[in-house]
Structures are given as structure tokens and as C-alpha cells.
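Student: Hi! I have a protein structure open and would like to talk it through. Could you help me?

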Amino acid sequence: MLRILSSATKCLSARHCSGFLSRMKFMKKLREDDVSCAAVLQNSCVFLFHHLSPLLQRTERETFRPAVLFSSDVLSILERLGSDKSLLNESVLIGCSEQNQPQFCLDVGKLDQAAVEKECGGNFVNLKKSFFLLTEADAPLVAKGQALLRWHQTNRFCSATGQPTHRNQAGSQRVCRSSGAVYYPKMSPVVIVLVSDGRRCLLGRQSSFPLGMYSALAGFCEMGETLEEALCREVAEEVSLEVQSISYSSSQHWPFPQSSFMMGCHASVSPAHTLLSIDHTELEDARWFTLEEIDTALQVKTLPRRGDPLTVWLPPKHALANRLIAEWAMRQRGNRVEP
């Protein structure tokens, strides 16, 4: 606990020095004041999506980044494509850069995809694929944008009255004018855990994973469960192991399947009880990995292509699963006693 508090204190200090507090107050004002938000939107950065796929551009270094357009650019594109410029008003506020530049996202699924790509010099890429192409700094912003756009698209009606809901300008809430009910974007709580027996760590894969990719075990928290209870249940259900101890690592927003709040933990099991009984309705495979095998997997930097030799690889570096695995590997190396 002291370690966590110390880290948090350092983080807050750094944020204060970089104008973190002023940016947060600015964002709060934009979420609460429709007039101010609408005015700011006219001179902001806008990230485009097409049916929830983000627009990416290739850099000079042959990497990818989200295409950053200004509001004036978007208005010009809408005009050239014969679209109503009022579409810009459907943009959703997602952040504010350290240079105090408000950032919005907009889904232009109503427009022809190829035409927009030609105008912008980029391509709309499926979000799952995007996560393997983007940097650790860019991926969270794209994930947040897609999650908010998806939420608005799937919450257009009040669950109590069936009447249409109406968003505020920032897109931070929707209101039913008939009942007065206010709806806010939600994330589903998910526990993700790296299990270890002291010498090895446990990874699994679902049939939907790309070929060769393994990850930490994960599952949704059920109603009324604590984080610890959900973790122990998931491990028991998926691989029939009984957890002895748990330590918290960190958390992350994850846009899949429909916006999850991932809480990452390490868990240990008895070295004497490591036999796996896999629930194949949940996992295609699960097995123990040594430090050497994990080190090899961590070195895989590019996605294997069809025809390449089958190799084990891990989620992208900015994924919480990768962080848990890297933490475990670092501890294992530190615990080794040199002869």
C-alpha cells in the first residue's frame, strides 16, 4: 500500500507541474457548458472513425498513428463530399492535450469510406488490428474515442420510457426529456490475472485469438462479487486451480468487447497443485510457461504472418496483460541467484 501511495503522490506532483489541474478544470467546464463546448469544437483536433474503425496514417518511419485533423479540415472534407457541415456537431469530447488543445472524435460512417480515406490520406482500420499498430501513447485515446462513440450509438433510447435520449454537446451524458433520467457511459468490471506457481506463469488463449497468441486469464465480475472473489472464481472455472494469494498491479480501460474496466492482479497457487483441467467452453488452450519461454515471447515485436513458423507471442506492449507478464518476468529475474 505504501508503494502504491508513493507512486500516486509522484504522479500527482508531475501532473500539477504540467498543468494537469488546469486541464481537468477546463474539461469539466466543457462537459457542463454546452455553449462553451460548441465554441471550442470549432477550433479543436478531431479524430475520425468510420463505423467505429479509427482513421490511421502511415508515418515516415513506416509506423502508424491516428490521423489528426482540425475542425476546419473536417468541415472542408464534409463540404467537398457534399455532406452537411452540421455533422461536425456530433463530435464527442475525449480529452485535452498537454498543449491545452481539446480533442474530439467523430464517426463519419454516413459517408463513403474510400472517399474519406482519399481526402485524408489514411485508412480506416479495425480497432483490434489498430491496437497492434499504434504506440502506447496513441492507443488509449483511440480506444476511448471508439468506446464513447459506440455507447452513443447503442443508447439512443431510454430504458424506462422507450423515448429517445438526447446527448449534451460534449457527449458525456444522455438525457430522457420525458422521465428526466440521465445516462452516463459505463464500463464493465473485468479482472485479469497472471497466475504463478513460483517458477512458471500460466497463460491461456481463446479460439478467437490470433494464431499463437497467449494472454493472462480474464473474466467479468458478477453482480455482488468483490475483485478477489471474481478472480478466484474465474481461475477455478477456467483451469481448476485454487488461488492462495493475490496482489494488485494496475488497471486499464479496454474497449473490447464493449468497453471494459480491466483490473490487473498477480496470483499464486501451490506448486504442489498445478495440474490444469481446462474448461474448453472458455479457453482453447492454457499452459504453464517458464521464464525462458516468456522472455522469448516478449522479444516478438511484429505480428507473425501466414506461412511463418508457429510461435508464441503476447498481447501488445500497451495492453495490461503484457504489463502483468513483463512484471512477472522482471521479478523472476530478480529472484534468481547467480552461481
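Student: Let's start with disulfides: how many are there?

Tutor: The count is zero disulfides. Keep in mind that this is a predicted model.

Student: What about Cys120, how far away is the nearest cysteine sulfur?

Tutor: The nearest cysteine sulfur to that of Cys120 belongs to Cys45 and is 14 Å away, so Cys120 is in no disulfide. A disulfide is a covalent bond between the sulfur atoms of two cysteines.

Student: Okay. Is Cys120 buried or exposed? Then, what about Cys232?

Tutor: Cys120 is buried, with a relative accessible area of 9%. Cys232 is partly exposed, at 32%.

Student: New topic! I clicked on Phe47. Where does Phe47 lie?

Tutor: Phe47 lies in strand E1, which covers residues 45–50. Phe47 is also buried, with a relative accessible area of 10%.

Student: Which residues does Phe47 touch?

Tutor: Leaving out residues up to four places away in sequence, Phe47 touches several residues, including Pro66, Ala67, Val68, Ile94 and Leu141. Gln103, Phe104, Cys105 and Leu106 are also among them.

Student: And how far is Phe47 from Ala160?

Tutor: In space, they are 33 Å apart from C-alpha to C-alpha, and in sequence they are 113 residues apart.

Student: Let's zoom out. What domains does the chain have?

Tutor: The domain assignment gives domain 1, residues 20–157, and domain 2, made of 188–301 and 310–336. Their centres, taken over C-alpha atoms, are 32 Å apart.

Student: How many residues of each domain are in contact with the other?

Tutor: 13 residues of domain 1 are in contact with 12 residues of domain 2. About 1000 Å² is buried between the two domains, and carbon and sulfur atoms give 76% of that area. On the domain 1 side, Phe131, Phe132 and Glu136 supply 50% of the area buried against domain 2, more than any other three residues.

Student: How many salt bridges are there between domain 1 and domain 2?

Tutor: The count is zero salt bridges. One residue pair is in polar contact across the interface of the two domains.

Student: Which elements give two or more residues to the domain 1 side?

Tutor: They are helix H6 (127–131) and helix H7 (139–153). H7 gives the largest share of the domain 1 side that touches domain 2, with six residues.

Definitions and conventions: Residues are numbered from 1 along each chain as its sequence is written. This is a predicted model: local features need pLDDT of at least 70, side-chain atom pairs count only at pLDDT 80 or more; totals for chains, interfaces and linings use all residues. Side-chain values use heavy atoms; hydrogens and water are left out. Helices (H or I, at least four residues) and strands (E, at least two) are DSSP runs, numbered from the N terminus. Buried means under 20% relative accessible area, exposed over 50%, partly exposed in between (1.4 Å probe, protein chains only). Contact means heavy atoms within 4.5 Å. A disulfide is a pair of cysteine sulfur atoms within 2.5 Å. Domain bounds come from an automatic or database domain assignment. Buried area is the accessible area (1.4 Å probe) that two parts lose on being put together, summed over both. A salt bridge is a side-chain nitrogen of Lys or Arg within 4 Å of a carboxyl oxygen of Asp or Glu. A polar contact is a pair of N or O atoms within 3.5 Å; within protein, one must be able to donate a hydrogen and the other to accept it, and residues adjacent in sequence count only if both atoms are side-chain atoms.
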